[in-house]
Amino acid sequence: MRYVKIVDNIANGITRDGTPDLGDGYQGTNNLEQADAILVRASSLHEMEFPASLRCIARSGAGFNNIPLERCAKEGIVVFNAPGANSNAVKELVVGQIMLNSRNTRGGEQWVLDHAQDADVAKGAEKAKKAFVGHEAIGRKVGVVGTGAVGSKVANALVALGMEVHGYDPYISVQHAYELSHRVIRDADLNEMCKGCDYLTLHVPSKEDTLQMIGAEQLNLLNPGAMLINYARDTIVNEADVAAALESGQLGLYITDFANPEVMKMKNVIVTPHMGACTREAEENCAHMAIASMKDYLNHGIIRNSVNYSDCDMGPCTCTGRVAFLHANVPSMISQITNELASRNVNIARMMSVPANEHAYTLVDIDNELDQETVDALRAIPNIYRVRIVVPADGLDGGLGTATN
Ligand SMILES: NC(=O)c1ccc[n+]([C@@H]2O[C@H](COP(=O)([O-])OP(=O)(O)OC[C@H]3O[C@@H](n4cnc5c(N)ncnc54)[C@H](O)[C@@H]3O)[C@@H](O)[C@H]2O)c1
Ligand SMILES: O=C(O)CC[C@@H](O)C(=O)O
């Protein structure tokens with residue numbers, strides 16, 4: 001039996017103890033100390049001490065700034081996310097926000113609520129609507145920062161609505177480059193793209209090079225009264241600069257999914273409670289993808305959709321055994337592993353080794369059973385974070401597979 005600690009309420013139908021949807025051989029647990037895996041949504045795991053039993057963390061969503069990736073890599077814990085699984089939900093909300101807030105529907109709705117008891121509300125409304133004249137988005141310039149799963153969908157939808165859409169993404173993947181409409185103008189420079197934008201929408205992950213990437217310099221290049229939309233992360237904008245731009249009117253409206261005390265003090269701000277991915281479809285897509293990656297890894301040692309190790313897929317094991325090595329990406333690791341196995345007459349049938357910056361993952365299929373002494377010797381190789389006996393899943397794995405070194 002494998003145990004999964006479910007940290008957040010991941011999705012409808014997947015209960016806190018996780019039993020209904022995890023499938024045979026898996027059981028939810030509240031006891032972190034026995035967990036093979038953690039399933040998490042948006043809760044921060046930065047302060048969490050991970051037990052030796054923990055082999056992977058699956059994030060049911062796109063962003064992974066709530067998980068200490070480097071610490072996990074060094075502890076031999078593979079972290080997965082669910083790329084693209086909630087992107088349509090975010091796209092629909094962002095496009096909706098752009099359209100509705102170009103028309104100040106909120107102001108209009110508030111007027112109606114304020115006059116709900118007036119007998120002549122209908123007549124009054126006809127007069128009041130003058131105060132809520134908006135503008136159309138068609139033909140206006142929008143800059144999309146980050147054209148990955150969410151950004152490319154937002155960009156394509158806005159193209160279809162007749163806007164002049166620019167995209168900035170120096171690291172775009174081949175897949176997203178294909179998906180992006182040819183009518184999206186691809187800018188190589190962020191500031192160039194910001195010039196003359198009526199709308200700027202952010203879709204980059206929170207990481208070192210995106211921290212506060214939108215500040216006074218970029219905001220001052222937008223058209224006066226522009227709209228800034230942030231359904232990425234609050235760390236991506238310099239909030240003091242956003243507040244100042246709202247005060248001066250350089251920015252007409254800031255729409256953000258991230259509530260915090262600074263944002264709540266701003267004028268002309270619309271704040272939603274981190275609900276970009278809150279649709280039934282997105283929650284289920286994310287949960288299924290996260291659970292599938294977790295199970296592929298625990299059952300077969302296959303890595304797909306990891307954010308701290310690289311993909312490694314040899315399919316299910318068809319040999320006598322499979323061993324996974326999570327180790328530092330330094331010279332002679334592979335030779336030490338293969339020499340150790342060869343010295344004990346263990347034949348390697350297949351192997352694959354994939355680097356991930358300072359770390360690496362080596363998967364080895366073998367034709368012989370391993371004894372405890374061999375496993376101990378493999379675990380004693382310097383710079384190995386963890387040796388997993390992936391197959392046989394029961395028997396050896398019950399004891400040897402859970403230990404770390
Ligand atoms: N509000 C929500 O509920 C919600 C939901 C989904 C995603 N998000 C946030 O949105 C982010 C993007 O999600 P996604 O699914 O599109 O991820 P993604 O990985 O598919 O796309 C991110 C894109 O940003 C690009 N990028 C990275 N660094 C960049 C930089 N310095 N400058 C410009 N582009 C850069 C990447 O090349 C990639 O194409 C997530 O990391 C998450 O933080 C929020
Ligand atoms: O779990 C959530 O609702 C947040 C999702 C979103 O921020 C993400 O990064 O995928």
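## A buried aspartate and its partners

Let's start with Asp 296, which is buried at a relative accessible area of 19%. In this predicted model, its side chain forms a salt bridge with that of Arg 304, with 2.7 Å from N to O. Arg 304 itself counts as partly exposed, at 34% relative accessibility.

## Other salt bridges

The structure has 13 salt bridges. One of them joins the side chains of Asp 36 and Arg 55, at 3.9 Å from N to O. Asp 36 sits in the loop between β2 (26–29) and β3 (37–40), while Arg 55 sits in the loop between β3 and β4 (56–59), so this pair ties together parts 19 residues apart in sequence. Asp 36 and Arg 55 are both buried.

Glu 126 and Lys 129 also meet through their side chains, in a salt bridge of 2.8 Å from N to O. Here Lys 129 is partly exposed, with a relative accessible area of 48%.

## Around ligand 1

Now for the ligand. Ligand 1 has 30 residues around it, and Ala 149, Val 150, Asp 169, Asp 209 and Asp 257 come nearest. By type, the shell divides into 15 nonpolar, ten polar and five charged residues.

Asp 169 places a polar side-chain atom 2.6 Å from an oxygen atom of ligand 1. On its own, ligand 1 has 860 Å² of accessible area, and the protein covers 90% of it.

Definitions and conventions:
Residues numbered from 1 in each chain as written. Chains lettered and ligands numbered in written order. Predicted model: local features only at pLDDT ≥ 70, side-chain atom pairs only at ≥ 80, totals over all residues. Heavy atoms only, no water. Near = heavy atom within 4 Å. Polar contact = N/O pair within 3.5 Å; in protein donor to acceptor, adjacent residues only side chain to side chain. Areas by Shrake-Rupley, 256 points an atom, 1.4 Å probe, with all protein chains shown as cover. Nonpolar A, V, L, I, M, F, W, Y, C, P; charged D, E, K, R; others polar. Salt bridge = Lys/Arg side-chain N within 4 Å of Asp/Glu carboxyl O. Helix = DSSP H or I, 4+ residues; strand = E, 2+ residues; numbered from the N terminus. Buried < 20%, exposed > 50% of the residue type's maximum accessible area, 1.4 Å probe, protein only.
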